[in-house]
Amino acid sequence: MKALQDIYQCVVDGEMDEVEGLIDEALSAGCTAKEILDDGLLAGMAEVGEQFKVGDMFVPEVLVAAKTMDIGMTKIKPMLQSGDIKEVGTVLFATVKGDLHDIGKKLVCMMLEGAGYKIIDLGVDVSPEAVCEGVKEYKPDLVGLSAMLTTTTLSMKETADALKQAGLYDSVRIMVGGAPVNQKIADEFGGHYSTNASTAVELANELMK
Amino acid sequence: MGKELLFQTLRHEQAERTPWVPFAGVHAGKLVGYTAEEILKDEDKLLTALQEVNKIYTPDGMPVVFDLQIEAEVLGCELLWARDNPPSVRSHPLSGTKEIPGKIPTAEDGRLPMILRTMGRLKDTVGADTALYGLVCGPFTLASHLRGSDIFMDMATDQDYVRDLVGYCAKVCTAVTQMYIDAGMDVIAVVDPLVSQISPKHFTKMLHESFTAVFDHIRAAGVFSSFFVCGNATRQIEVMCRTGPDCISVDENVELKAAKEVTDRYNIAIGGNIPLTTTMLHGTQQDNMKCVLDILDVAGGKNLIVSPGCDMPYDVPIENTVAAAQAVRNPDSARKMLENYVAAEEEDIPVELPDYGHLDKVLVELFLLDPAQCAACTYMLAAMEDVYDEVKDIAEYCSYKYTVKKDIARIKKMGVANLPSMYINGKLAYSSIIPSRAELIASIRSAAQKG
């Protein structure tokens, strides 16, 4: 339907000022809130992920697309029935201790949110103990750890070790990412690596199976 | 002279060989046992570390400081210091305001006085043969330090503001550039890792003018320029070329051959791109040699500089950089070494090791790459030759080279991981680090007493 296609395109283009009007039009045309969510907003965000993965979209475009989706979500949320929003899983995110970089992690959070995940972001420079506390409190399915420095990749292993010590390691699966990270580093503590924000969604879906 | 080779490349002429510019930023500290924070704050420690880089890695060009937070610190960003990384920006003074600051740094601000003095002293000691790079934080990355990650959203919502903020940062960049030129820098590198994160369209709309102004200034001042980027900047190379630098430097996320086809169209040199983590930090000496040879094979000829992808991690094994240097300076010899390495494995050459526990004299064994090309190897051999007269009654020495197949077999049998290394009575005594005369004599005497 054209109205849903317009919302989809609006998210891809990051037209923040237009999404609410387009949702009104779609509702007038008889679309349900669930259709708007699935075939407009989330489908648009999935396309953003694809374009980011192949290098056709960049950080500012992704941010503005995510913001557009957010505005749309806020508008249709009261209209959704219980069960319309299927939460795929919960992911607890942190940039590890000693590291202040957050752009990459933010992108991953947005992409996963767009794919239906509930996100808890503990911020930057997060100690292993704080990650353990977060896992206890929020009981996530996945823990996402980000590092941008070669040395802070060591904090990833420390975090995994802390989770083991606290007896929480087996209750979650660990995803890792960041410029100096690779699968070899992840293997040292049983982590799972994705190269970018977009493939992080694929990885999370795989881990949730 | 190495410096002239680099200049020829930056003038886009054919040089006798490809120049080598190792980006030993914080890694310089490792060579002399100082932390990142020590060399980024202390003039004497920084100078000592840089002189060691010059001695061991024999660069044609080298950076003085690789720290993109110097300008940000002057402009009010708080820093988080680390033992083995450059500092990170902890606070962004413009995160809650769209005000455009007016402050332009002077030579008295922040760490600039220390850096400028180090530049002058390094110029006096190694500047005749080695080109020195002054690294400035690029205007876009500086804008992100000041504004935080909101700058990305601003690009979508308020392009005039971004243009103005980046324009201000370009003025800061130009001011610092001029200080570095006055301190004797031969090349100014404008380092802007974040450029890879935005579209070519946004770059052209909001950044092109500012970057072009900086490169015009550098050219008018009569020195060379380079535009450093990190990350997958494949799509941005062309718009970067249009800002007019003499060189573009990329990391391993960029496919060098394809990128060079673009830079060649603009007759701009390209630098790169030994992978920092997989090859330099975690790879072997053979990996590093092979990587350099691959770079030369796909992008060799004029307009190429061999460099690490970006600032080398602190803990890169010294031997790996030595191996990379060897391969750039003498690719034929490195090729031969790699062939020998494979052949020695295939041929299974028999090696008989001495009975180290029952030797008449202390046996010092030196395992070297190619002493004619590898500076660290030359120094290690010279260190032993120098003390030999004094210890010849109690010790003897011999050397093995990577250029000789049967020597490689011995190196493998001994389990020597890195070259150059010095073994005393079959035990590793020094790896890459060259002992002082007194240290070496003491080590040999101590081994004699134990024997």
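Helices (H or I, at least four residues) and strands (E, at least two) are DSSP runs, numbered from the N terminus. The model is predicted: local features need pLDDT of at least 70, side-chain atom pairs count only at pLDDT 80 or more, and totals for chains, interfaces and linings use all residues. Residues are numbered from 1 along each chain as its sequence is written, and chains are lettered from A and ligands numbered from 1 in the order in which they are written.

In chain A, the loop between helix H6 (128-138) and strand E3 (142-146) holds A:Lys139. Phi of A:Lys139 is near 50°. This residue is exposed (12 or fewer other C-beta atoms, placed from the backbone, within 10 Å of its own), with 12 such atoms. In chain B, B:Thr58 lies between helix H4 (43-57) and strand E1 (61-63). Its phi is near 40°. B:Thr58 is buried (20 or more), with 23 other C-beta atoms within 10 Å.

Chain B also contains cis peptide bonds. One joins B:Gly272 and B:Asn273, with omega about -25°. B:Asn273 belongs to strand E8 (residues 269-274). Another joins B:Leu419 and B:Pro420, with omega about -5°. B:Pro420 is in the loop between helix H18 (405-414) and strand E12 (421-424).

Contacts (C-beta atoms, placed from the backbone, within 7 Å) link 23 residues of chain B with 18 residues of chain A. On the chain B side, strand E3 (88-89), helix H8 (150-157) and helix H13 (276-281) each give two or more residues. H8(B) supplies the largest share, four residues.

Technical notes
Contact = placed C-beta atoms within 7 Å.
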